[in-house]
Amino acid sequence: MKEINIFCDAIKDVSIIASKIKARPKKIIGYLCSYAPEELIYAAGFHPMRLFSSKSEIMMAEQHLQAYCCSLVRGVLEDSLSGRLSFLDGTVFPHTCDSIQRLSDIWRMNGKYEFFADVVLPAKLNTQSARTYMTDVLNKFKQALEIAAERKITNTDLWESIKKFNFIRKNLSKIYALQSQKPGIIKGADLFAIVKGSMVMDPDEVGQLLPVIVANLEKIDVPKKNVKRIVVSGSICDSPDIYTALEAAGGIIVGDDLCTGQRWFEGEIPDDENPINAIAARLLDRMICPAKHASPTARGENLVSLAKKNNAHGVIFMLVKFCDPHAFDYPYLKEAIEKEGIKTLLIEMDDQQQNSGQLATRFETFIQMI
Amino acid sequence: MNNKERGSIYAGIDIGSITAKAALIKDNRLLATHVILTGYDPINAGIKVFEALLKKAKISKKDVPAIVSTGYGRASVSFADKALTEIICHGTGAYFINPEIRGIIDVGGQDSKAILLNAKGQVENFAMNDKCAAGTGRFLEVMAKALEVELNQLGDFGLNADKPLKISSICTVFAESEVISMIAGQQKRENIIAGIHDSAAARVAILANKIKIKKPVMMTGGVAKNKGMVAALEKRLGLTLIVKDFAQENGAIGAAVLASKL
């Protein structure tokens, strides 16, 4: 499909996307986490762009970070220090895990970018005071963006931006739902490209491409095959090869709670008199990250319901090495899923090192096992 | 040999990182096995080990109606009817040899695995080492070289230790330099080797504990031939390991059993 190929081509080199956006001219604000309020960045006239780990060897970042920091944090810093992110005009760090917070400090002191912001979100999300606090934090971030943009962000700007991102979210959710209804309707690597592309490309272009893909996928039917339905749980996955390896083993991903997947686009921003309150409401109510707290069992309940809703045969925990928040939650999540009679597999990944042989053995055995 | 009998011979080929193994089963009984070094060319190793096995059994390729390949080089055996992982094949192989087996510890050249089987011989759970040679055959090979001991003598040396030493490094490279320091410190070779076995056994025991291994446990893979390593593992796990004659070929045997069910 032509529209899918546009996504696949675009993600091959993010710097090309960046240079096109900069030629408009438009400034680019990078972010590492799905709690970044993209709608605000976009409403200020900037382009919000998700940053992923480096595929290059970590050399310069070693001077700033310990070896026990995850590959995302080390990789993004490496790309920044070696100039591969020179297209950035600024970066925003929402308050999440310790490693990203410390990266924020190093970034502020070593980055050569015009704009920098820490968005110190609440850690506990299920209280009324958290709601008030979240709104205040977003207002403060809005003011910082206004200073950088040298203009006021109006409610009209915000609602236009919200509509745009809601539209992208709705269409991505539809594509996921179609894959779950008709597993195999889209290749895992293509699905990966669409989601990743939506995080880096121009939202206007993404908004035009996605509905065409949805319409085309709705028309297609796939022959019923004996595939194993897999739900993936974890933080980030920046490797299409993982989807391909799982498919080669006979599994299809029908849902996920990844920060670079459903967790990023799940839930639309509700109608509210105040757009900032509306943005805050979505951030507070969507699937939570393990660095945040909603209730002691919020993530477990969410994962069980995700697995059940998608009739998952198995759940694969895809954790980034040295990601403490996810590793901390893993035992109880595994227990919650296995209590439902669903088998699990744990894969620990590192963006710079992947052993495809071992991965294939693990996936093939797991698929046979379930 | 009549056609009916010919139809009942099945082959399994296990291309490991160090050795390539092949097995034939006939009427649900083990007919023959063969082991060669894999070398740098897994495609050629698959062909060679299979040809040698056919010669040994005095049969030809057309007598074998189905072949299953396994091991890290399973995809390079183009003449196999199906490729299955070594975890599935070791499970099937162990169950074929002894259907009572519920736990398997398979230590090969580059991977070590702990496998749980259910009463039907199906894999219930597994754990695998994580891209690190610690606790694998390769670790023992590196150490044997540093100590100038033949790999197949490592086990006996280890059993004759009077005061086993402790290797504290997990990493193979660091452990090797630790061993070299011990050699320089004129420590007894037997004691160093016992330390090496215990260090490797500790890594493998972590995998077994991860899946809460169930008795009876069989040890398979090339490293099962090393008696010192078996003893160190038994001590670490507090149980007796069942080691059969064809432990190294167990994956290939399992693959042959699975070929008979295609």
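**Entry 1: ground rules and a first residue**

I count two residues as in contact if their C-beta atoms, placed from the backbone, lie within 7 Å. I am working on a predicted model, in which local features need pLDDT of at least 70, side-chain atom pairs count only at pLDDT 80 or more, and totals for chains, interfaces and linings use all residues. Residues are numbered from 1 along each chain as its sequence is written, and chains are lettered from A and ligands numbered from 1 in the order in which they are written.

I started with Ser235(A). Which residues does Ser235(A) touch, not counting residues up to four places away in sequence? I found Leu258(A), Cys259(A), Leu319(A), Val320(A), Cys323(A) and His326(A). Helices (H or I, at least four residues) and strands (E, at least two) are DSSP runs, numbered from the N terminus. With those names in hand, I placed Ser235(A) in the loop between strand E5 (228–234) and helix H10 (240–248) of chain A.

Is Ser235(A) buried or exposed? A residue is buried if 20 or more other C-beta atoms lie within 10 Å of its own, exposed if 12 or fewer, and partly exposed in between, with C-beta atoms placed from the backbone. Ser235(A) has 26 other C-beta atoms within 10 Å, so I noted it as buried.

Most residues other than glycine have a negative phi, and most peptide bonds are trans. I looked for departures from that.

- Arg24(A) and Pro25(A) are joined by a cis peptide bond, with omega about -5 degrees. I located Pro25(A) in the loop between helix H2 (14–22) and strand E1 (28–31) of chain A.
- A cis bond also runs from Lys215(B) to Pro216(B), with omega near -10 degrees. Pro216(B) sits in the loop between helix H7 (189–210) and E9 of chain B.
- Asn311(A) has a positive phi, near 45 degrees, and lies in the loop between helix H13 (298–309) and strand E7 (314–320) of chain A. It counts as partly exposed because it has 13 C-beta neighbours inside 10 Å.
- Glu148(B) has a positive phi too, near 55 degrees; its loop is between helix H4 (137–146) and helix H5 (154–159) of chain B. With 8 other C-beta atoms within 10 Å, Glu148(B) is exposed.

**Entry 2: strand E9 of chain B**

Next I followed the chain from Pro216(B) into strand E9 (residues 217–220) of chain B. In a regular strand the side chains alternate between the two faces of the sheet. Here, Val217(B) and Met219(B) point one way, Met218(B) and Thr220(B) point the other way, and all are buried.

Two strands pair if DSSP finds at least two bridges between them. Strand E6 (residues 103–107) of chain B runs parallel to E9(B), with four bridges joining them. E9(B) also pairs with strand E10 (residues 241–242) of chain B in the parallel sense, over two bridges. I noticed that Met218(B) has a bridge partner in each: Ile104(B) and Ile242(B).

**Entry 3: the open sheet of chain B**

In what order do the five strands of the open sheet in chain B stand? I read E3-E2-E1-E4-E5, with mixed pairing. Strand E3 (29–37) and strand E5 (82–83) of chain B are at the edges with a single partner strand each, so one side of each has no neighbour in the sheet. For E5(B), that partner is strand E4 (residues 66–70) of chain B, which runs parallel to it over two bridges. Within this pair, I saw Val68(B) opposite Lys82(B).

**Entry 4: two domains in chain B**

Chain B is divided into domain 1 (3–95 + 249–260) and domain 2 (100–243), with bounds from an automatic or database domain assignment. Their centres, taken over C-alpha atoms, are 26 Å apart. Where they touch, domain 1 of chain B gives 13 residues and domain 2 of chain B gives 16 residues. Helix H3 (residues 86–97) of chain B supplies the largest share of the domain 1 side, eight residues.

**Entry 5: where the chains meet**

Last, I looked up the contact between the chains. How many residues does each chain bring? Chain A brings 10 residues and chain B brings 10 residues. On the side of chain A that touches chain B, helix H15 (residues 356–369) of chain A gives the most, with eight residues.
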